[in-house]
Amino acid sequence: MSANPIPPLHLYSVPSDPQPSAEPPKRERPRTAWTADQLMAADFPEPKWAVPGILAEGVSLLAGPPKVGKSWLSLGLALAVAAGGQAFDSVPVEGGPVLYLALEDTPRRLQTRMGKLLGGQPAPAGLTLVTECPPFPQGGTEAIAQWLDRNPDARMVVIDVFAKMRGQAPQGVSAYDADYVSVGYAKRLADHYGIAVVLVHHVRKAGSDDFLTEVSGINGIAGAADATLVLKRARGQADGILHVTGRDMDEAEYALSFQAASGAWHLLDGPVSDHTVGDTRATILRYVRAHPGAKPKDMAGEVPQVDMDTIRHTCNRMADAGQLTKDAGGRYYPDTDTRTQAAQEVSALSGCPVTPSDQHEHPGQSELELSGLSGATEAEGEAG
């Protein structure tokens, strides 16, 4: 055993600045009541996005089965936001301080994972990593709030995993109410400080066509969360599909590829359907999307390794499965809208800006003086 073992990371153990720190800025209590005319006349700022289109201010539940790669995904996002880089290697994000509670990891494991994700790049000082924190009801809320007070430009808090922070359910309370209350702690922090709080959670139920039904305790947990993200394993070219829905965002799906060498999740171009079918179907989908009204003979040059009969049969099966639509003349379209309005050029627009409207010129971490309580035992289990 080493004579000088590395002490475990606690919220209170991050070194503080030796210089006396300024008093954290006072935050006004958010207004909670208006008359109808006052509410209609009010001017509210646009929500801040930690990751445009995917993670907004508020509480987001990131769920998935064990070992699917949730911890790799959440740590990669934390590094990107803290550095002001690109999430999923393609989505520009505004930089700012990030608190990452890795409650199932050791410092050594975190160091190894970050080393792979960074790939030789310097680690951002804006990311604070913690391996122990008491549950929300036993002082965790106050500990996180104190960190946020000292980091007024913070953009995100990640809690991996949520089960370590929720605490014991009060006696005599239904499972729904207990789940709702436990997320409520994070919700109050997110709303008061205007940040994104990500709760990493396990999926335990059997697969379902509705991704929301797969989240353990979904009724109470998702009922209190502002957004739900479910990471699922996929077939075909994609290693995972990220399903996203929330109060301030449209429901969407993103095809992701996991890079085992670096531990990074990358966003794949094009619709999810292009990456969750076999190579032949994916090629046909891309061709028909680029050439609405194409016939099987037009596609022969795109899939030269496949004979014409197979292309025809594949197109028919795709039409039966709803992946394509077909008109009476044997022409194929990617969807009904382009079939009925083929002459119109359509472009899909995201409901949020690529570059957040609250972007600052010089993002970075403010001082790291922290104060809080500790009451959890370091968990050695491998993160999901």
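Q: Which residues line the largest cavity?
A: Keep in mind that this is a predicted model. The lining is made up of Ala56, Glu57, Gly58, Val59, Ser60, Asp226, Ala227, Gly246, Arg247, Asp248 and Met249.

Q: What volume does that largest cavity have?
A: About 60 Å³.

Q: And which strand gives the most to its lining?
A: That's strand 3, residues 58-64, which puts in three residues.

Q: How does the lining of the largest cavity split by class?
A: You get four nonpolar, three polar and four charged residues.

Q: What lines the second largest cavity?
A: Lys48, Trp49, Ala50, Glu57, Ala154, Arg155, Gly194, Ile195 and Ala196. Glu57 is also part of the lining of the largest cavity.

Q: Switching to the outside: which residues form a nonpolar patch on the surface?
A: Trp34, Leu39 and Phe44 do, and together they have about 290 Å² of accessible area.

Q: Where does leucine 39 lie?
A: In helix 1, which covers residues 36-41.

Q: Why is Leu39 called partly exposed?
A: Because its relative accessible area is 40%, and partly exposed is the range between under 20% for buried and over 50% for exposed.

Notes:
Residues numbered from 1 in each chain as written. Predicted model: local features only at pLDDT ≥ 70, side-chain atom pairs only at ≥ 80, totals over all residues. Heavy atoms only, no water. Patch = residues over 30% accessible without salt bridge, like charges linked within 9 Å, V, L, I, M, F, W, Y side chains within 5 Å. Areas by Shrake-Rupley, 256 points an atom, 1.4 Å probe, with all protein chains shown as cover. Salt bridge = Lys/Arg side-chain N within 4 Å of Asp/Glu carboxyl O. Helix = DSSP H or I, 4+ residues; strand = E, 2+ residues; numbered from the N terminus. Buried < 20%, exposed > 50% of the residue type's maximum accessible area, 1.4 Å probe, protein only. 1 Å grid on protein atoms, 1.4 Å probe; cavity = no way out; pocket = protein on both sides within 12 Å on 5 of 7 lines; lining within 4 Å. Points joined across faces, edges and corners; volume = space filled by probe spheres on them. Nonpolar A, V, L, I, M, F, W, Y, C, P; charged D, E, K, R; others polar.
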